[in-house]
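Please open the model in your viewer and keep the selection tool at hand. The stops below go from one selection to the next.

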Amino acid sequence: SAPGLPAYLAVEADSPMAAHVVQLGLSALINSRKVDVFYDNDAGANPPGCQQTDCRRLLGLAIR
């Protein structure tokens, strides 16, 4: 990852958003599209198991 950006982004596996994020990511990959990633930079908002030093809560993706 770029300096200052988290190495990992996470969302709870049981979140309805989890399957949607995987679907969007695969669609972008298959179609060679870029994505904009939105995340919460507050480590206190991390989902369980997401380390405060290198991980942040994923809020969404948008395919370009």
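A salt bridge, as the word is used here, is a side-chain nitrogen of Lys or Arg within 4 Å of a carboxyl oxygen of Asp or Glu. Before you select anything, note that this is a predicted model, in which local features need pLDDT of at least 70 and side-chain atom pairs count only at pLDDT 80 or more, while totals for chains, interfaces and linings use all residues. Residues are numbered from 1 along each chain as its sequence is written, and side-chain values use heavy atoms, with hydrogens and water left out.

Begin with the sheet, where three strands form an open arrangement in the order S1-S3-S2 with mixed pairing; strands are DSSP runs of E with at least two residues, helices are runs of H or I with at least four, and both are numbered from the N terminus. Two strands pair if DSSP finds at least two bridges between them. The edges of this sheet are S1 (8-10) and S2 (35-40), each of which pairs on one side only. Next, select S2 together with strand S3 (residues 55-63), which pair in the antiparallel sense over six bridges, and look for valine 35, which stands opposite isoleucine 63 in S3.

How many salt bridges does the structure hold? There are two salt bridges. For one of them, select arginine 64 and aspartate 36, whose side chains meet at 3.0 Å, N to O. This pair links distant parts of the chain, with arginine 64 in the segment after S3 and aspartate 36 in strand S2, 28 residues apart. Arginine 64 counts as exposed at 51% relative accessibility, whereas aspartate 36 counts as partly exposed at 28%; buried means under 20% relative accessible area, exposed over 50%, and partly exposed in between, with a 1.4 Å probe and protein chains only.

Then select glutamate 12 and arginine 57, whose side chains also meet in a salt bridge (3.0 Å, N to O). Here glutamate 12 belongs to the loop between S1 and H1 and arginine 57 to strand S3, 45 residues apart.
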